[in-house]
Amino acid sequence: MNLTGAKALIKSLEYEHVDTIFGIPGGVVIPIYDELYQQDAITHYLVRHEQAAAHAADGYARATGKVGVCMATSGPGATNLVTGIATAYMDSVPMIAITGQVTTDLIGNDAFQEANITGITQPVTKHNYLLHDASEIPQTIKEAFHIASTGRPGPVLIDIPKDVQTMTAPFDYPKKVHLPGYQPTYEGHPGQIKRAAKAISEAHRPVIYVGGGVKISGASEEVRALAETILAPVTMTLMGMGTMPADHPLSLGMLGMHGTRYANYAVTESDLIIAIGARFDDRVTGKIASFAPNAKIIHIDIDPAEIGKNVRVDIPIVGDVKRVLQKLMPMLKQTRTKEWMEKVHTWKREYPLEFEVTGLRPQYVVREISRLCPDAVVCTEVGQHQMWAAQYFSHRHPRNFISSGGLGTMGYGFPASIGAKIGRPDETVFDLAGDGSFTMNCQELATAVAYDVQVKVAIFNNGYLGMVRQWQELFYDRRYSQTKLSEINFVKLADAFGAHGIRVDSASEVAPAIKEALAVPKPVIIDFRIEPEECVWPMVPAGAALNEIIDAKSGKV
Amino acid sequence: MKHTLSVLVQNKPGVLARTAGLFSRRGYNIESLTVGVTENENVSRMTIVVTGDDTVVEQVTKQLNKLIEVIKVSDLTKESYVDRELVLIKVTADGSNRGEIMQLVDVFRARIVDVAAKSLIVEVTGDEEKIVALIAMLKQFGIKEIVRTGTLALGRGPKVIQSGKD
């Protein structure tokens, strides 16, 4: 069977069970869009900026566990995807980005809307392809989905010149991939697992430190079972939130720069860190030399390059965390952690997360959203509100907290929430946003309204780029250089796009506004006018040790 | 410390850019990099000389292994291996010192491959020590230009680094 490249692409996507694509057409992808027009297996969502296409595909992938797909034209279309691709790369999100390219005879000539997108995205993709012939399409798509979704997942970009889309070639979808250089290790080394079991049985002060790899592997149950068997507290990175329900007695919440005091104290005093699907990011470890100074470290991760990258590791185990934990569990006995757990619980009682109750406090807003929609999928932008969302939402499900952790992309949350809602249409999806972040991709209100994607946006409006302002307050003598934002009427903005807007100025209006947002069958923006100079506490200043914590009392200048 | 890595890669366009890009992106220093096709036309071998302590080289190796088109990475430094580099050196030479240079070249088992009135080109193959020594000796005559291939290396003995199936 001979097919055009464009048709072969759509057929191949069907073979990979793709039913959703986010994108924007342009000059050199018209043949692909022409094929999309003539079929109905795949729904294409037209966004308003390519960056949003990538973030929506990312949000869709994180919410569902499936591969997210985005598409753009060559040149500016493709370069607009880059931030979204880099975001997905840093957080190991399976994504396929398809870009059009100028015709093969024009490549390298600085043609109209030409950009070397495979060159540009090389450092931020797991792999990428520039096709030269339509016959390469089925094999490439097969490989790309395999690479994106297996091992440590990540984005894969496929660049398809326009003439490759229109030429014809025989179509035969391959059943297998042949990648001699790509063979992820799934099974942990049995000897190492045994050593880990021994170290665990000898530990007195173990801490389980969980990252996003646990969600990806679907190993939340196993982590919980591990914690309960050996009676060890569990702390999570931003990417790991939801692994252990927030109200579980063994949960310590988040660690690191804005982690709980008790999590950071526990890590610092621990004699055994069991790191699972985490990568010892600088926001997590603080000053490396003081990170868990007396602890042995077991590191379980599917990516061997993460092991020993930032900290010395005593027992490395390369493998899929779920399979490794399943092998490890039967070897474990209950450990001697009673005293340790008492100490941890004392810290928890002594140093709870606290906030002021006067005025309209962002922490209170998060608590109310959490109380009224405990099972909501929560997406965030990046900044103070992101930390409040991590700290004060009572996270209960592993795939319900969606946030740009590694790259820290402002403008991520809203398009990601659209993707998440499309992936899980029956669930309540919130985007917790700052006023700065939200305006970075607020044009996507048009997308949400056009497809009736009823996401609810809670804007924590303090009129500042709040996290930068906080640093300026604490470390730059309150010189608020370029962090004050001008006033925006978000209710009118919502109205202009055909969404629903609510403004909230006081604490008493919070719950009614959330209920109204849930009741209105539309995308909704709630503009919470929070205390403008509220800070995120506690805080470990950049470069300080995890137990050098400042808070509202000690930190104010 | 210097490490010599032998890297088998799929012979595809862009592999060199991907590999070189990895080094600059992660801040690793390449001393030299050579690449050419192997006994299997679908596979190329790169010889990469990097400087760094063991942790750096371990990271380099792991990051290289993450590239989809990289089939195998071996650190030859861990075993016994042969390394060679080819260097062309253009030296200032006239009637007064040509003889002296030719003698020197003979001692190093190098060759003279071009002679002109005021210069000659020396071709030398060898390991790093030999090349450093010869260049040092030729300096007194005045070196006009140097071009080097970078190090090539193979492990000694019957053991081979195999690409598996192609």
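**View 1. Four strands of chain B form an open sheet.** The strand order is β2-β3-β1-β4, and the pairing is antiparallel. This is a predicted model. Two strands sit at the edges: β2 (29-37) and β4 (70-75) of chain B. Each of these pairs on one side only. From one strand to the next, the twist averages 20°.

**View 2. β2(B) pairs with β3 (residues 43-51) of chain B.** The two strands run in the antiparallel sense, and 8 bridges join them. Look for B:Val35 here: its opposite residue in β3(B) is B:Met46.

**View 3. Helix α1(B) is seen from end to end.** The helix has 12 residues. At 1.5 Å a residue, α1(B) should span 16 Å. The C-alpha atoms at its ends are 17 Å apart, so the two values agree. After the helix comes B:Gly27. The phi of B:Gly27 is positive, near 75°.

View 4. Which residues of α1(B) are buried? They are B:Val15, B:Arg18, B:Thr19, B:Leu22 and B:Phe23. What do the buried residues of α1(B) pack against? Within chain B, their partners are β1, β2, β3 and α2. Chain A takes part too, through β6 (127-130).

**View 5. A:Trp340 and A:Trp347 form an aromatic pair.** A pair of aromatic rings is described by the distance of the centres and the angle of the planes. For A:Trp340 and A:Trp347, the distance is 5.9 Å centre to centre. The angle between the planes is 90°, and the pair is edge-to-face. Are these two residues buried or exposed? A:Trp340 is buried, and A:Trp347 is buried as well.

**View 6. Ring pairs link four residues of chain A into a cluster.** The members are A:Phe22, A:Tyr45, A:Tyr60 and A:Tyr451. Over all chains, the count comes to 18 aromatic pairs, with ring centres within 6.5 Å as the cut-off.

Note on methods. Residues numbered from 1 in each chain as written. Chains lettered and ligands numbered in written order. Predicted model: local features only at pLDDT ≥ 70, side-chain atom pairs only at ≥ 80, totals over all residues. Heavy atoms only, no water. Pairing = 2+ DSSP bridges. Axes fitted to C-alpha atoms, helices over the stretch in contact; angles between N-to-C directions. Expected span 1.5 Å × (residues − 1). Buried < 20%, exposed > 50% of the residue type's maximum accessible area, 1.4 Å probe, protein only. Contact = heavy atoms within 4.5 Å. Phe/Tyr/Trp six-rings, centres within 6.5 Å; stacked < 30°, edge-to-face > 60°.
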